Amino acid sequence: MKLSTLLKMALYTLGINFCFLPASAQMPANYDEDKIKPYQLPDPLRMENGKTVTSSKQWEKQRIAILNLFKTHVYGAMPGKVAGLTFRTLSVDSMALDGKAIRKQIAVIFGKDANSPKMEVLLYLPVEAKSPVPVFAGLNFYGNQTVHTDPGINLPTGWIANGPTGVENNIANVASRGFQTERWQLEELISRGYGLATAYYGDLEPDHAEGWKTGIRTTLAKSLGLQAQEWSAIGAWAWGLSRMMDYLETEPLVNARQVALTGHSRLGKAALWAAANDTRFAIVISNNSGEGGAALARRNYGETVEVINTSFPHWFVAKFKEYNKDPNQLPVDQHMLLALMAPRPLYVASAVEDQWADPKGEFLGAKHAEPVYQLFNKKGLGVVQMPDVNQPVGDVVAYHIRSGKHDINAYDWQQYLNFADRHFNNPAK
């Protein structure tokens with residue numbers, strides 16, 4: 001299959017029209033393992049002084065050093081909580097989903113002023129829960145109304161990428177309701193005793209090259225004391241996930257110690273970066289996150305550092321572009337990002353038809369994070385080679401490659417729910 005066809009398939013899944021991408025996005029891609037040149041991964045346990053980390057206590061200092069390397073070379077700075085962060089309940093429906101769920105809609109306002117920038121969180125919780133429930137949290141691509149056909153979900157008012165049904169002139173309408181229901185499996189989550197919290201990522205920064213001009217990197221520059229170029233779109237989306245967590249900690253119906261953070265594709269990259277900076281997320285899930293996510297950058301396979309930086313210049317900081325021609329010069333690689341999740345449970349998932357995201361590179365990213373988990377006596381994948389299709393492996397670090405395309409579907413969610421059941425000891429399982 002030609003690269004242009006593969007790229008169109010992957011991008012249309014996210015609602016991004018191929019015609020708006022630069023010609024450089026059509027760079028030749030390698031899908032031949034034999035053409036991957038030898039590379040050496042940086043050792044996450046090797047400290048700056050050349051010594052090796054041998055204990056979980058030592059790792060805490062090394063963790064900060066690695067996190068700072070990612071801030072400098074890949075994702076940019078990560079600001080803290082904005083002063084005056086406030087939450088305003090917009091609506092509550094105690095009989096949502098035919099009486100199975102409570103639906104809340106909350107404005108997370110980034111300041112004391114009602115006119116401050118904000119994002120809108122959609123929260124569903126099982127009605128029958130006898131105690132605070134674990135929650136899956138993540139950002140969505142086209143607005144909260146795409147998660148379910150529930151007519152009570154507010155429509156977004158900001159910029160939306162054209163492409164799917166119900167989005168015209170970059171504005172969502174009622175025809176977009178439930179557009180990505182299959183990606184969220186809301187009723188299955190509720191039936192298994194979990195809540196769901198989500199928000200539209202464009203509330204934080206519209207996903208195009210000039211989105212920063214109207215997104216929080218500009219509107220909150222003074223409040224956060226950070227200039228737009230000092231961080232990135234992925235950083236802005238990740239920051240928003242932490243603000244969602246701030247809200248969940250105030251919600252009495254949520255067990256805030258059991259929040260599983262999930263993300264698909266570019267939002268998988270954002271989820272990993274959010275969890276690297278914010279250890280309150282108890283489980284971290286990367287679904288088809290690819291280059292800049294779970295996949296190793298040093299492998300010349302599928303999407304590369306050069307392609308992603310050229311096609312999506314706003315996703316990462318300018319420093320990252322210096323490694324376009326030679327990712328081997330990076331002082332980090334993505335196994336080190338995954339290692340920053342330790343000792344928390346981590347699940348990485350790929351899809352057979354998503355070669356653009358480099359499934360083997362994602363598997364190797366998880367595999368090479370294992371030495372850090374071992375410091376905490378946590379078990380990793382338990383295998384040396386990639387598992388067969390639809391055969392999940394692992395313990396505290398888990399992985400699967402499923403049949404199908406670049407997507408998040410019912411099979412993926414079944415694995416994530418089973419994983420959460422095990423690590424959260426969910427009584428509703």
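Me: Which residues of α2 are buried?
Reply: The model is predicted, so local features need pLDDT of at least 70, side-chain atom pairs 80 or more, and totals for chains, interfaces and linings use all residues. Numbering runs from 1 along each chain, and side-chain values use heavy atoms, without hydrogens or water. Buried means under 20% relative accessible area (1.4 Å probe, protein chains only). In α2 that gives Trp59, Gln62, Arg63, Ile66, Leu67, Phe70, His73, Val74 and Tyr75.

Me: What do the buried residues of α2 pack against?
Reply: Look for contacts (heavy atoms within 4.5 Å). The buried set includes Trp59, Ile66 and Phe70. The partners of the buried residues are α8 (233-248), α9 (266-277), α11 (334-339) and α13 (370-375).

Me: Where is the kink in α2 centred?
Reply: Helix α2 covers residues 56-75. The kink is about 25°. A bend is the angle between axes fitted to the seven residues ending at a residue and the seven starting there.

Me: How many residues of β12 are buried?
Reply: Strand β12 spans residues 397-402. On one side, Val397, Tyr399 and Ile401 are buried. On the other, Ala398, His400 and Arg402 are buried as well, leaving both faces covered. The rest of the structure largely encloses β12, because the buried count is six of six.

Me: Which residue of β12 stands opposite Tyr347?
Reply: Strands pair if DSSP finds at least two bridges between them. Strand β10 (residues 346-351) pairs with β12 in the parallel sense, over six bridges. In β12, the residue opposite Tyr347 is a buried one: Ala398.

Me: Which residue in β12 is the bridge partner of Val393?
Reply: Strand β11 (residues 393-394) pairs with β12 in the antiparallel sense. Two bridges join β11 and β12. The partner of Val393 is buried, on the side of β12 that also holds Val397 and Ile401. It is Tyr399.

Me: How many residues lie between β11 and β12 in their hairpin?
Reply: Helices (H or I, at least four residues) and strands (E, at least two) are DSSP runs, numbered from the N terminus. Strand β11 covers residues 393-394, and β12 covers 397-402. Between the two strands of the hairpin, the number of residues is two.

Technical notes:
Buried < 20%, exposed > 50% of the residue type's maximum accessible area, 1.4 Å probe, protein only.
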